[in-house]
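These are my notes from a first look through a structure that I had not opened before. I went from one topic to the next and wrote down what I found under each.

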Amino acid sequence: MDYRNMIIVKVGEIHLKGLNRPFFEKTLINNMKAALKKFEGVTVSISQSRIFVYNIDPKDLDEALEKLSKIFGIHALSPAREFEKDIDLCIKNAVEMLEEAKITNATFKVKARRADKRFPIESPEIAAKVGAGILENMPNMKVDLHNPDMFIEVEIRDRGAYVYFEDVQAVGGLPIGTNGRAMLLLSGGIDSPVAGYMIAKRGVQLDGVHFYSFPHTSERAKEKVYELAQELCDYVTRLSVFVVPFTHIQEEIYDKCPDQFMTILTRRFMMKISERIARLRNCGALVTGESIGQVASQTMESLNCTDSAVNLPVFRPVIGMDKLEIMEIAKNIGTYETSILPFEDCCTVFTPRHPSTKPKLQEVIKAEQLLDEEALIDEAMQMVERIDIDADGVIYTQKLTDMAIWQEYKKALI
């Protein structure tokens with residue numbers, strides 16, 4: 001065999017990163033290797049701004065392309081052949097690939113790129129020769145330079161020549177881990193997984209925090225969140241979800257605070273606990289799925305009261321979207337069907353009949369002072385569990401109090 005099957009990986013925004021580009025490329029390659037770990041013998045390397053994946057078994061090609069298409073930082077993927085830099089081999093491999101794909105009657109245009117300037121034939125002539133060779137060997141194929149059915153691409157690079165004609169679109173964005181870490185408030189609804197996906201697409205590594213109120217919410221509601229986290233792992237590889245028991249806090253708010261402020265006080269406690277866990281994990285921001293005006297706790301005034309509870313910035317990537325737009329993204333990323341399962345989260349517990357839509361911060365703080373805030377938060381923190389999840393499910397569980405960072409956290413409070 002005078003060629004190798006492989007995948008050419010095309011990046012998007014990374015091209016704009018100047019002197020920082022090697023850092024982005026190295027991070028992307030590491031993320032790709034993690035996504036392809038189940039395939040034995042696979043190698044990933046880079047040359048002249050192209051990333052190459054070798055040793056994918058043909059029977060695993062579709063699955064590998066599916067996994068790679070969900071890696072942030074990749075713009076497109078092209079199954080290709082690599083061979084020696086020879087114009088006759090370019091023609092031979094192009095014809096064979098078309099025949100294998102059963103493409104024998106279509107219009108085409110050849111696009112050539114000569115990245116190796118030592119190759120004696122320039123790009124326009126490469127395209128012309130390969131096009132002529134295809135026509136000679138496949139008489140039902142036709143050239144159309146303006147509106148072809150397909151593009152046949154030929155690249156001449158330092159390490160060899162390449163032919164391909166398929167572009168599998170990927171998610172784009174920036175590689176996970178190139179823009180810090182953030183804590184996602186992950187409910188069981190539609191919005192928060194979408195918010196996490198959108199922030200992760202900008203290169204942010206995610207942790208998650210989930211609040212549950214057993215027995216007011218079922219164990220199945222918590223498992224639903226694990227399923228959503230698992231689905232997000234198709235894009236983020238691995239996710240640590242910190243599960244916070246929230247029953248006592250909600251009951252205290254319900255018993256001691258004005259009814260109209262219950263929702264906003266609940267959100268403020270969630271934000272405060274999330275911030276504490278976020279700082280333990282060196283997160284630079286909190287992420288929520290709030291969309292302005294969607295519910296009472298998401299009015300301008302309510303969001304102001306929520307934000308004032310924490311010092312970390314709060315990112316809300318779906319803030320300007322309507323529900324239909326968010327639902328469409330959820331369907332595209334594969335979280336929608338799980339999100340709509342009928343297992344309610346703690347945000348639906350003790351919902352006030354007439355929640356305040358324009359709360360005044362001073363009044364909210366006054367209501368909050370009816371509670372022993374530090375004692376309630378400390379009690380919840382001592383029962384937090386960390387659940388590590390990847391695309392195959394839960395892989396590790398640990399109490400927060402058993403983690404090394406816990407002692408440092410306790411010292412900081414003294």
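How much space lies in the second largest pocket? I looked this up at the start, keeping in mind that the model is a predicted one, and found that the second largest pocket holds about 420 Å³ of space. Its lining is made up of 18 residues, and those closest to its centre are Asn5, Leu61, Pro79, Met97 and Glu100. I then asked which elements give two or more residues to this lining, and noted β1 (3-11), α2 (61-68), β4 (74-83) and α3 (87-100). The largest share of the lining of this pocket, four residues, is supplied by β1. Sorted by kind, the lining residues of the second largest pocket are 12 nonpolar, one polar and five charged.

**Entry: the whole chain**

I stepped back to the protein chain as a whole, in which I read 14 helices and 16 strands. The C-alpha trace of the chain spans about 85 × 40 × 40 Å along its principal axes. Of its 414 residues, 53% count as buried. I also looked at contacts between residues at least 6 apart in sequence, and of these 79% join residues at least 24 apart.

**Entry: the hairpin of β2 and β3**

Next I followed strand β2 (residues 43-47) and strand β3 (residues 50-54), which run antiparallel and are joined by five bridges. The two strands form a hairpin with two residues between them, and in the turn I noted Gln48, whose phi is positive at about 50 degrees. Across the pair, Val44 stands opposite Val53 in β3.

Leaving aside neighbours within four places in sequence, I found Ser47 in contact with Phe52, Arg157 and Arg159.

The other residue, Tyr54, lies in strand β3. Tyr54 has a relative accessibility of 4%, so it counts as buried as well. With neighbours within four places again left aside, Tyr54 is in contact with Arg4, Met6, Gly41, Val42, Thr43, Ser45, Glu82, Arg159 and Tyr162.

**Entry: the seven-stranded sheet**

I then traced an open sheet of seven strands, which has mixed pairing and the order β14-β13-β10-β11-β12-β15-β16. At its edges are β14 (314-315) and β16 (393-399), each of which pairs on one side only. Within the sheet I looked at β11 and β12, which run parallel and are joined by five bridges. His210 has Val243 in β12 as its bridge partner, while Tyr212 stands opposite Pro245 in β12. I also noted that β12 is mostly covered, with seven of its eight residues buried.

I took Ile273 as an example: not counting residues up to four places away in sequence, Ile273 touches Phe211, Val244, Phe246, Ile249, Ile377, Ala380 and Met381.

**Entry: the cavity**

Last, I asked how many cavities of 30 Å³ or more a search of the whole structure finds. The search finds one, and the volume of the largest cavity is about 40 Å³. I listed its lining as Gln260, Phe261, Thr263, Ile264, Ala296, Ser297, Ser302, Pro355 and Ser356. Of the residues in this lining, four are nonpolar, five are polar and none is charged.

Conventions. Residues are numbered from 1 along each chain as its sequence is written. This is a predicted model: local features need pLDDT of at least 70, side-chain atom pairs count only at pLDDT 80 or more; totals for chains, interfaces and linings use all residues. Side-chain values use heavy atoms; hydrogens and water are left out. On a 1 Å grid over the protein atoms alone, a cavity is a set of points where a 1.4 Å probe fits but cannot get out, and a pocket is an open set with protein on both sides within 12 Å along at least five of seven lines; lining residues have an atom within 4 Å of a point. Grid points are joined across faces, edges and corners, and a volume is the space filled by probe spheres set on the points. Ala, Val, Leu, Ile, Met, Phe, Trp, Tyr, Cys and Pro count as nonpolar, Asp, Glu, Lys and Arg as charged, and the others, Gly among them, as polar. Contact means heavy atoms within 4.5 Å. Two strands pair if DSSP finds at least two bridges between them. Buried means under 20% relative accessible area, exposed over 50%, partly exposed in between (1.4 Å probe, protein chains only).
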